[in-house]
Amino acid sequence: MSRSWITVDGNEAVALVAHRTNEVIAIYPITPSSGMGELSDEWSSKGKTNIWGQVPTVVEMQSEGGAAGAVHGALQAGALATTFTASQGLLLMIPNLYKIVGELTPFTIHVTARTIATHALSIFGDHSDVMACRPTGIAMLSSHTVQEAHDFACIAQAATLASRIPVMHFFDGFRTSHEVSRIEALTDEDLRAMLPDSHITALRQRALSPDHPDLRGTAQNPDVFFQAREAANLIHTAFPGHMQDAMDRFAALTGRQYHLFDYVGHPEAERVVIIMGSGAETVETVVEDLVSRGERVGVLKVRLFRPFSVEAFMSALPATVQAIAVMDRTKEPGAIGDPLFLDVVAALNEDGHLHPKVLGGRYGLASKEFTPAMVKAVFDELAASKPKHHFTVGIIDDVTGLSLTVDEDYSLEQPDAVRAVFFGLGADGTVGANKNSIKIIGEDTPNFAQGYFVYDSKKSGAVTISHLRFGPRPIRAPYLIRRANFVACHQFDFLDKYNVTGYLEPGAVFLLNAPGDASLVWDQLSADVQQAIITTQAKVYVIDAYDVARDTGMGNRINTIMQVCFFAISGVLPRDQAITHIKEAIRKTYSKRGDAVVQANFAAVDATLAHLHRLEVPTAVTATRRPAPVVSADAPDFIQRVTARMLANEGDLLPVSAFPVDGTWPSGTAKWEKRSIASEIPVWDAGLCIQCNKCALVCPHAAIRAKVATPAALDGHPDTFKSIPYKGAEYSGMEYIIQVAPEDCTGCSLCVMVCPAKDKANPKHKALELMPQRPLRDAERENYAFFLDLPEVDRTTVKTDIKSTQFLEPLFEYSGACAGCGETPYIKLLTQLYGDHLLIANATGCSSIYGGNLPTTPYTVNRDGRGPGWANSLFEDNAEFGLGMRLAADTQADEAQRLLRVLRDTGWVDAELATTLLDADQSTEAGLAAQRARVVTLKALLRGMGKPEAERLLVLADALTKKSVWIVGGDGWAYDIGYGGLDHVLASGRNVNILVLDTEVYSNTGGQQSKATPMGASAKFAASGKATHKKDLALMAMAYGSVYVARVAFGAKDAQTVKAFQEAEAHTGPSLIIAFSHCIAHGYDLAHGLDQQKLAVETGYWPLFRFDPNRVEKGESALVLDSGSPKGGLGTYMRNESRFRMVEQMYPERYKELLASAQQHAQGRFELYEQMARTRP
Amino acid sequence: MMDLSTTYLGFRLPHPLVPGASPLGWDLEMIRRLEDAGAPAIILPSLFEEQIEADALGTMHHMDVHEHAHAEALSYFPLADDFVMGPDRYLEHVHRVKTAVSVPVIGSLNGTSVAGWLAYARLIQDAGADALELNFYHVATDPHESSAEVEQRLIDIVASIKSTVRIPIAVKLSPFFSSLAHLARRLDLAGADGLVLFNRFYQPDIDPDALSAVPRLHLSHPDELLLRLRWLAILSGRLRASLAATGGAHSGLDALKAVMAGAHSVQMVAALLINGPEHLALARRDLSRLLKEREYESLAQAQGSMSLERCPDPDAFERGNYMKILQTWRVR
């Protein structure tokens, strides 16, 4: 079988080998490794076999710890098993890695190397995770490119089977795992040749079996453990030989020769860089350049990091070397040097023949760019008379001065390659189209191709930047394009937000999607953009792609249109040939979506060229307009200095001194980022409004708000500001206002959908209606500013009903969550109710990403400076993390009360004040306000008292006011990885509240099934529809009898949701609220999210109830059902969502069975709840 | 044993009572029960082109739109190549029904575009259908489209489909044409092998509290048969195409009336949905009994006997009857 060239990303390249060379694959999704597990599952579900003809079993576990355990068991029982992971996931596997290595069980784990969360989480790439595994004894093999990742997946498997030493094959997260590249694919014959049957037979013979029983995992005592631990020495020592042998056999097969250490450069190099990972490629290209200029430099690329072969290392290193820079992509604070540096120093010392100067250097943390210019700086530093030890490169360190100065003009781009940069919107399909283009070029032309994609941190209105290189020679540039000969801006507004034209190199082609008449586009450009175009003499092409998309039934999908433009004007391929390829790609990609989609795309292709215009560029700038500043001039200093730079994509330029030393970040930053992503925003018809406040409740982004104000407060309001007299008694005489935040609204339309106020003569018109944002923006911006300045309602006067709660100020606003998100309304409500005395422990997941992902975050403060204290620890430990917060708050309150009693008893604090402080009822807003006032009095009294107890109490006095602790996370956390901890916290009896935002799937990592996934739903790892029922977490929690439990759905019964929050808060023990959260992973237009919530409740898919143990004391049943008997059948709900329809479509018979079973289960469950609700204590 | 045989769309059927297009047709078990109850042919529920397109485009707009937008989630659904948003499921069903039963299987199609009508008609034929019912479920809401244009579109589609497929086609019409007899004749000339009278539309109801329109579909009532009888009677004997009644035939007696008015087959839906597939056998026995009681030799003898051409009182089907009733109206 001849080998073929394929265009794949690093994850697929590895999975293509791992799936064919294993029998059991146990995984747990974690970025950026998830793709490998997903592909394996997809292939197995389609019956794709491994090289021995068997379909590998792929299982998704509840955590990486679980995946490692399952793999360990499979290995012990004699199967070839693997797993894929990264970062925290790898840390959870470490205990099993020790065991698997200790038991000498052949096994390859594939790791997309990713940053470990420290002062902050990062999903991006460095070696901090793999370096944490060094002490396990696992062999560590580093691949540097997509091709190498493919090759090493095979070599690793061959070496582990030959040697019995488990291998961790790792490659850089994102940079390699997500880079799309053209590679030569290994055939089944290649793999068979590399994995001889004899090695597999040996594995089988060692398997644990009752037919020839053994014991593994004994407990050993001081007499023998040490010796037994040393017994495997020879096997570890032999490993490098086995690895080199595998590499040599591989070379004989494929012609690609690798060594444990590969040296490239001048044979008599004096300066050498030692490095592993994708950065090695960059160093190699710089070495080639410098050597061609006569410099004696080289690079030693580390392939096998552990076991570290001193012999192989020394023989690869030129004896002429005088100075070495060892580059580590990790940071180990407190160590003499980072890990690779230490090993190199130790190796030189052990060998003893060479005595070069050795510098340690750190680069590339969390996918920080590592460019030829930075490598050049490293070589320059090696030549310096007093080089920096333990330097950093790629950042500006103005605190410890460790960073190297980089000459940014040094570039090694291939002159004959096309370098193209595309600015797109997540939703416009730019990245997908570019991936298509790479495939077309990589697979249908002799060109090499590379694609890398940079994503925004936001989930709605997200910006994507695609970096594509094509050329006749292999592309070895694992870094972003700085200057491009083709730049495309798929969203006109981006020109004012980002320095798009900064990518233009002289004479570049610039493609712009601009609304309206092409001849008017030049006048709409800012002076800066015009200047850049003139200076670079760019050839500018313009198209109104949205117009073409609308006319051809493509909606907002401009991907195909812009792709046609790219091929038409970039010259990568002859135009006709390109269009044929595009159409073929469309057919391949979309035929599964139906002919209508294919035809719409074809129509778009055919219509495009007639709408593409070359712009005549004037010789001089005609515009006077400059883009508005990134943030308002009113923003605080930190926002101006730091956040604004990050928002402008200039975060890389911020120096070390700009940052807090411990990751602490200010609250309330989202309000300074005005994203203006909605094309339409709600407009309020005050006359029609019935003042129900439901719009404010359902808004996921706190972008439509309600307020009451005195008529006097409205004096001087802007011209278009609207208000009407308030209709209720409680704020009689005041004015009522609904106001939209025009630049924060995402245009999701939930507010319009929920609005019940219809015009009786024309019911199509409601009190809220979507209208184009642009003409309204300026006036509404002014209105919103005026609205925000109006006094907030007195919290002590607010009733607890649904309407009144919406007058409370939200302290969670303008998050980056998806438009129409079903989770954020709950969090917003939480901050409205308790935000000023709230501590939130947030599990990793969607809610931690839209809650804490920089540059701006949504948690904010009120006018008193109070607001939620928010922290994210990990994915798996969130319940425990929140419990810790509770314990700390309680402990401090206890201590403050003790000190207060001491001061009262010794006469230093007035007895009445002290007693009121100690006995205060803080269950109401009024009680809380009174306690805060007493604390102010107390503090004033304590100051200057001169007593040690008073000093200590002064620090702790705020602990005398109540603190609410809420533990927030998704179903992946609560049902799966964090369930053990959650269960323990529920059993603890402590006063914590747990809010589970249940989307019934791992939303953040892209739709993998969780134990909350319902029967019949398709999800990754349950493509044919989940065959088991959703775990009834509520029922499990109710079994304790002491836990407050509620199941809510704000779209179905908002009053019940609010009541549940209030009861949970009032319950002095643990509370659990499971909140139905519609999600893009359900596959429908979220504008209908509220309707779906109603249907979910009506059909019994999601029964509503509250289980309050306090009711038992009153002789009542703890459980109250808040929804009626199921009506209409689950199918009515399910058929509206693609997650179910996919199953119905693909497997109609199976769907019928699953639906029937789900229906029966729902009925039985409801009857059980009914029975519980009837049962008196 | 009464001879109930009839010819519809060229098929010789042992009796005229055919289960019409209904949800029963989605269920293979139900279809088997219908056959056991003596169904002489099976008409499957309609393939809706509009639905297929809406599904496909909906998928594009609500699923694909989230792909490749965030670093952690390049997609949100399994890469299911088998998740084909197209007619495959329907076609598979046609094939399975065809394999499961020995009587003729009639597919049903509701198209929106000329290309769609043609393509799906061919696909349904290729999937094994013995005949095709074209379900012209169309509510003419466009004030710019004339009745002539609506009719012409219909004729064109029928003519094109006839030139594309080899199986017989029946055209299911609504009663809302201003010159139905003329249209029927044109359809006949265009090659239609049968006409099915009449389609029943979803009737939007109004919720005065929610100020919303509520789509409803009530099962047919025997009263609705009268409209069918009139038009069967008017068309009977004037066309080459065979005629089918649908809507309001619940019993053997209803069937007898429809046959007398000119129907070659009588489709039953509501009565089967209410009483189960076995009701068909009962209606057949009734039909046989009714003919016997009236001393008919065969169904053929009764077929079209009360048409406009043969009816002793043709005024009843025409305007005259209205006049007569008005004239005889007396204030009590």
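Colleague: Which residue in β19(A) is the bridge partner of A:F423?
Modeller: That is A:C489. Keep in mind that this is a predicted model: local features need pLDDT of at least 70, side-chain atom pairs count only at pLDDT 80 or more, and totals for chains, interfaces and linings use all residues. Residues are numbered from 1 along each chain as its sequence is written, while chains are lettered from A and ligands numbered from 1 in the order in which they are written.

Colleague: What makes β16(A) and β19(A) a pair?
Modeller: Two strands pair if DSSP finds at least two bridges between them. Strand β16 (residues 418–425) and strand β19 (residues 484–489) of chain A have four bridges, in the parallel sense, so they pass the rule. Both names come from DSSP runs numbered from the N terminus (E, at least two residues, for strands; H or I, at least four, for helices).

Colleague: Why do β1(A) and β22(A) count as edges of their sheet?
Modeller: The open, mixed sheet has nine strands in the order β1-β8-β17-β18-β16-β19-β20-β21-β22 of chain A. β1 (5–9) and β22 (613–614) each have a single partner strand, so one side of each has no neighbour in the sheet.

Colleague: Which helix lies across β1(A) and β8(A)?
Modeller: Helix α15 (residues 430–444) of chain A does, and it also lies across β16, β17 and β18, running at about 10° to β18(A). Such angles run from 0 to 180 degrees between N-to-C directions, with axes as lines fitted to C-alpha atoms, for helices over the stretch in contact. Helix α18 (residues 527–536) of chain A packs on the sheet too, touching β20 and β21, and makes about 135° with β20(A). Contact here means that two C-beta atoms, placed from the backbone, lie within 7 Å.

Colleague: What makes β7(A) mostly covered?
Modeller: A residue is buried if 20 or more other C-beta atoms lie within 10 Å of its own, exposed if 12 or fewer, and partly exposed in between. In β7 (residues 167–172) of chain A, six of six residues are buried. A:V167, A:H169 and A:F171 point one way, and A:M168, A:F170 and A:D172 the other.

Colleague: Why is α3(A) called largely enclosed?
Modeller: Because 11 of its 13 residues are buried. What covers them includes β2, β3, β4 and α4 of chain A.

Colleague: How do you know what span to expect for α3(A)?
Modeller: The expected span is 1.5 Å times one less than the number of residues. Helix α3 (residues 64–76) of chain A has 13 residues and reaches 18 Å from its first C-alpha to its last, close to the 18 Å expected. A:G78, with a positive phi near 95°, follows α3(A).

Colleague: Where do α11(A) and α14(A) touch?
Modeller: Their axes come within 9 Å and cross at roughly 65°. The contact includes A:V283 and A:V286 of α11(A), and A:V375 and A:F379 of α14(A).

Colleague: What radius of gyration would a compact globule with 1177 residues have?
Modeller: The rule, for C-alpha atoms, is 2.2 Å times the number of residues to the power 0.38. That gives a value near 32 Å, and chain A has 32 Å, which agrees. Of the 1177 residues of chain A, 54% count as buried.
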